[in-house]
Amino acid sequence: MLDPADRLDWERLAFLEAELDNVLDSFPLGPQLPAGAQRSDRLRSIRVELANRGHLDAGTDPALFALLTQFVCGYRDIDLRDATGLGHGALIARHGSKATQHRWMNRLMSGGLAGIAMTEPHGGSRPAAARTCAVVAPDGTWLVSGRKTWISRLTEAVVFVVSFRTPDGHLVAAAVDAVEPGLRRQLITPAGLAGWSWGTLDLECVPIRADDVLSGDAMVLLRRHFAGYRPLVAATALGGAAAVFDQVVANLTSRYTSGEVARLWDSALATVGRAHAQLTTALLGTVIAAHMAEAGNAHAERWGAVMKAHGIDTANQVAAELTLLLGASGFRSDSHVAKVRRDLNGLLYADGIHDSLYRAAGKRHTAHPNAAESTPYPFGALSV
């Protein structure tokens, strides 16, 4: 169903899954491991170990393989969303100068993390509203100052991709070394997605050299990047919800076969059946979005946005409804199910608030017929 042409290397995916479980035996996460430095260090160790074993994607894996890898990771823990890919480091891999790639790619492929800093206090996640800007220094370099908010991987990233205005007003993005003296961090404790640190990043006269600037208009680069990145986030979330599904089904089956309950209520069976259909269809839609991004389809950005929103919404709804079937045990703060639900709630806001992503799709549906790209969205793109 997911691979009708039988092109996916399922044996390789199964091997990666086994390797991940092996690594997690050495570096267990578990909901009992508290957020903060200890959990962050554990996650970095997992990423480095997987990189050492050759399981870190340099951006060359087929979209379907990368997406299902994230589903497998999310099934074990949503904090593993950065375990097997470049993440935002893909911007450097695709658009960095030779000097920038030489400086950062070995570190990223060895397990280093890249953060992205584009959100600002006044403009939400709209890069075009950026007020962070550069001035020309006496030596000809740019000095960038401004404030970026709601930044993940705040203390773990070795490099940040930062969007800002050039002295002549153009919006660009550049790779910024995380140890630059002009960077200041203010940590904020999140309610979910607490595996990585999170908060505010202030830049004060941070030097940017010509080689640091990524090639191309920042809005174009970011749109293309998130077209492929958001389906991966959705797949991670759906993997987390699938783990809740399996736990609930195992619990119900055990209670019934042991005689603890005489029968399973029709309402419980309907909830399980509906959850299976919801998770499956959401994952299929996410696969389509990933394929469109891989093919460079003109509608890929909007598909990535709407399927990220739909996937996260679906995962949240399914996990919430299924948890009720576990009874009180599903609401223990130290349970895996409770952690999944906290993380899923955080994903409603990470990488684009879900309502704004839906709104972008709705705006395209109702666009003036003479507007650019008038091909019907989204169904006119299904032939891809």
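**Entry 1: ground rules**

I began with accessibility: buried means under 20% relative accessible area, exposed means over 50%, and partly exposed lies in between, using a 1.4 Å probe and protein chains only. The model I am reading is predicted, with local features needing pLDDT of at least 70 and side-chain atom pairs counting only at pLDDT 80 or more, while totals for chains, interfaces and linings use all residues. Residues are numbered from 1 along each chain as its sequence is written, and side-chain values use heavy atoms, with hydrogens and water left out.

**Entry 2: salt bridges**

I looked up charged pairs next. A salt bridge here is a side-chain nitrogen of Lys or Arg within 4 Å of a carboxyl oxygen of Asp or Glu. How many salt bridges does a search of the whole structure find? I noted 22 of them.

I picked Arg209 and Asp212, a salt-bridged pair whose closest N and O atoms are 3.4 Å apart. Are both of these residues buried, or is one partly exposed? Arg209 counts as partly exposed because its relative accessibility is 36%, whereas Asp212 has 6% and is therefore buried.

I then turned to Arg81 and Asp79, whose side chains meet in a salt bridge at 3.6 Å from N to O. Both Arg81 and Asp79 are buried.

My next pair was Arg332 and Asp334, with a salt bridge of 2.8 Å from N to O. Asp334 is partly exposed, at 29% relative accessibility. A network also turned up: Arg39, Asp77, Asp79, Arg81, Lys339 and Asp343 are joined by salt bridges that share partners.

I needed the naming first: helices (H or I, at least four residues) and strands (E, at least two) are DSSP runs, numbered from the N terminus.

I started with H7, which has 30 residues. From its first C-alpha to its last, H7 reaches 44 Å, close to the 44 Å expected at 1.5 Å a residue. For this, the expected span of a helix is 1.5 Å times one less than its number of residues. I checked H8 in turn: its 24 residues reach 34 Å, close to the 34 Å expected. Of those 24 residues, 17 are buried, so H8 is largely enclosed by the rest of the structure.

How do H7 and H8 cross? The axes of H7 (residues 266-295) and H8 (residues 300-323) come within 9 Å and cross at roughly 160 degrees. I noted that axes are lines fitted to C-alpha atoms, for helices over the stretch in contact, and that angles run from 0 to 180 degrees between N-to-C directions. Angles under 35 degrees count as roughly parallel, over 145 as roughly antiparallel, 65 to 115 as roughly perpendicular and the rest as oblique. H7 and H8 are therefore roughly antiparallel. Their contact holds 13 nonpolar, 8 polar and 2 charged residues. In that tally, Ala, Val, Leu, Ile, Met, Phe, Trp, Tyr, Cys and Pro are nonpolar, Asp, Glu, Lys and Arg are charged, and the others, Gly among them, are polar.

I looked at the other neighbor too. H6 (residues 218-257) packs with H7 at about 160 degrees, their axes 9 Å apart, and H6 and H7 are therefore roughly antiparallel. Just after H7, I found Gly296 with a positive phi of about 70 degrees.

**Entry 3: positive phi beyond glycine**

Which residues other than glycine take a positive phi? I wrote down Trp150, with phi near 55 degrees, and Arg153, with phi near 60 degrees. Trp150 lies in strand E3 (residues 142-152). Arg153 sits in the loop between E3 and strand E4 (159-165) and is buried, at 5% relative accessible area.

**Entry 4: sequence against space**

I finished with a few C-alpha to C-alpha distances. Arg107 lies in helix H5 and is partly exposed, at 42%. Arg107 and Val158 are 51 residues apart in sequence and 8.3 Å apart in space.

Ser110, in the loop between H5 (98-109) and strand E1 (114-117), is partly exposed at 45%. Ser110 is 31 residues from Asp79 in sequence and 19 Å from it in space.

Leu43, in helix H2 (residues 37-52), is buried at 2%. Leu43 and Pro28 are 15 residues apart in sequence and 9.3 Å apart in space.
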